[in-house]
Amino acid sequence: MSIPADIIIHNARVLTMDDAMPKAQAIALAGNRILAVGTDAEIMTHCAPATRMIDAGGASVLPGFNEAHMHIFGGSVGLSQLSLMGVKGFDALKDAIRAYAEQNPDKPLLEGLYADYTILSEDERVTRHHLDAIIPDRPFVMMAPDRHTAWANTAALKKAGILEGRDVGIGNEIVMGPDGLAAGELRETNAFSPVMALSETGGREMLGSATGGDPAHVTPEERATDIAVLKKGLAYCASQGITSIQNMDGSLYQLEMLQEIEDTEGLPVRVRMPYHMKNFMPLSDLADKAALWRARFNSDKLRCNFVKMFMDGVTEGETAVFVDDYSHKPGWKGEPLFSAEHFNAIAVEADRLGLPVTVHAIGDGAVRMVLDGYEAAINANGRRDSRNRVEHIEVVHPDDVPRFAKLGTVASMQPTHPPGSAGLPLEPYLTYIGEDRWQYAFAWKLLVDAGATIVFATDWPVSPLPPLSCITDAMIRAPWRDDMPDHRLTLAQTLAAYTRTSAWVEFMEDRKGLLKAGYYADIVMLSGDIEMRPVAEIVNLTPVVTICDGRITYEAR
């Protein structure tokens, strides 16, 4: 007698991502596992009176999307903030901010997201004076899409105590004006954290990235509010067909809140969190904290088993680190957040402890420093299956392209980030890096062709979260110049970078990332057949059903 299924999805175009059986018609689930994958006739043998039957109507069924780089707490908070995506010009900015202020009379800090560096014009940078002309009497701050630069009005700068400037440490800057006061532009986390602390969350959503630490004091009411915000963000992830997230900022506060959600009602997505290693932390923290967190949070629903770091900032903020000078600023290459010796020591020690490392590196100089550190770990400890990563890799030096495969380093990249994609402007990015580097920018096909392993993600809330939008961006990306290489991957390669390979980089390829008997029941059913859609129309597909750990976590109504 066949084992009865709890859920059967049939009449589907099942893309299993399993090379042994790439396609099927139906799938049966029992408990939190996949019971069987096969033809409609084969799977119907598992139908019982209590089985939930889902007719896919010929639509695609895939392994649940694995968002390999995101920030769950900040993204969750951002769901209620002002989106300035697509806003251009002073008048449009004024209208958006004033309308949001009127709708939110009690917010202690008004916050905007996705403000382009060229939101005013191609050649005029935002200052506090522009923002004062829009909203002078309430603290206001807006973030660039990359979340590495913010612009604040005078009320916010004054209340945060930074109107007259402040030492904010290496790689960070409060840009000062000719009058000796802050001009309004705040580069990197240390610079804008005092402003973000004015918000209703007290900036707690940023601590995992800013300090890697926990809030000094949280009332029960504040913690309950933070948990409610996280639940909203997790539900939003499930609504996008996501069944796994890999967070890129870490703190014990976040881990404990996520554990409480799992213990009380169950997480709707699997979560992987890091220990965030900052340049002011002692090396001993890897053994004394990171390794202990790994032991404490070690379930397949909530894991803390890697180390996250930042080597540089972003190009538009002139905080990315390059091998050669910025094209528009001779003599300036950027300043790394870690010295080579310091980073190498961390990479060696983390490797000794069996902790994978993933590092934000935007410029080719930062990418090289990270690869050098991973090579130092191999030389010190011997080669192992570390699955270390470099995050973003916006520019890679041609000499370093083959090193990814040689060192076994994963390229973690975001198809939503290239200028000209996802509504982003081309400038000032193209001018800053210069034409000689264009062909090596966001060069994911160059890396894949050289043998590198790649995973895709959005970096939410830096970019909008929907994976289908990100997949479309990867498939329709246009070269910046006719003689430039085409970096688009095939649909199969792109889907693998969002499913199978993202599970592999977590060391979970033996139980998720494929639709295969015995694997976790982590599944998304789409509104149509992704293989039959014109590439540019993939974005119009939507998740209809999301299942994580055998539980329906989202169902379109």
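Strands β18 (residues 357-361) and β19 (residues 389-392) run parallel and are joined by four bridges; pairing here takes at least two DSSP bridges between two strands. Helices and strands are DSSP runs numbered from the N terminus (H or I over at least four residues for helices, E over at least two for strands). Within this pair, Thr358 has Arg389 of β19 as its bridge partner.

A word on the model and its numbering. The model is predicted, with pLDDT of at least 70 needed for local features and 80 or more for side-chain atom pairs to count, while totals for chains, interfaces and linings use all residues. Residues are numbered from 1 along each chain as its sequence is written, and side-chain values use heavy atoms, leaving out hydrogens and water.

The β18-β19 pair belongs to an open sheet of eight strands with parallel pairing, in the order β8-β15-β16-β17-β18-β19-β20-β21.

Elsewhere, β7 (residues 60-63) runs parallel to β2 (residues 13-15), with two bridges between them. Val14 is partnered there by Val61 of β7. β7 also pairs with β22 (residues 523-526), this time in the antiparallel sense and over three bridges, and Leu62 has Val524 as its bridge partner in β22.

Now for the pockets. On a 1 Å grid over the protein atoms alone, a pocket is an open set of points with protein on both sides within 12 Å along at least five of seven lines, and lining residues have an atom within 4 Å of a point. The largest pocket holds about 560 Å³ of space, where a volume is the space filled by probe spheres set on the points. Its lining takes in 34 residues, with Thr189, Ser209, Ala210, Lys278 and Phe310 nearest the centre. At least two lining residues come from each of α6 (189-196), α7 (207-210) and β17 (302-310), and α6 gives the most, with three.

Key. On a 1 Å grid over the protein atoms alone, a cavity is a set of points where a 1.4 Å probe fits but cannot get out, and a pocket is an open set with protein on both sides within 12 Å along at least five of seven lines; lining residues have an atom within 4 Å of a point.
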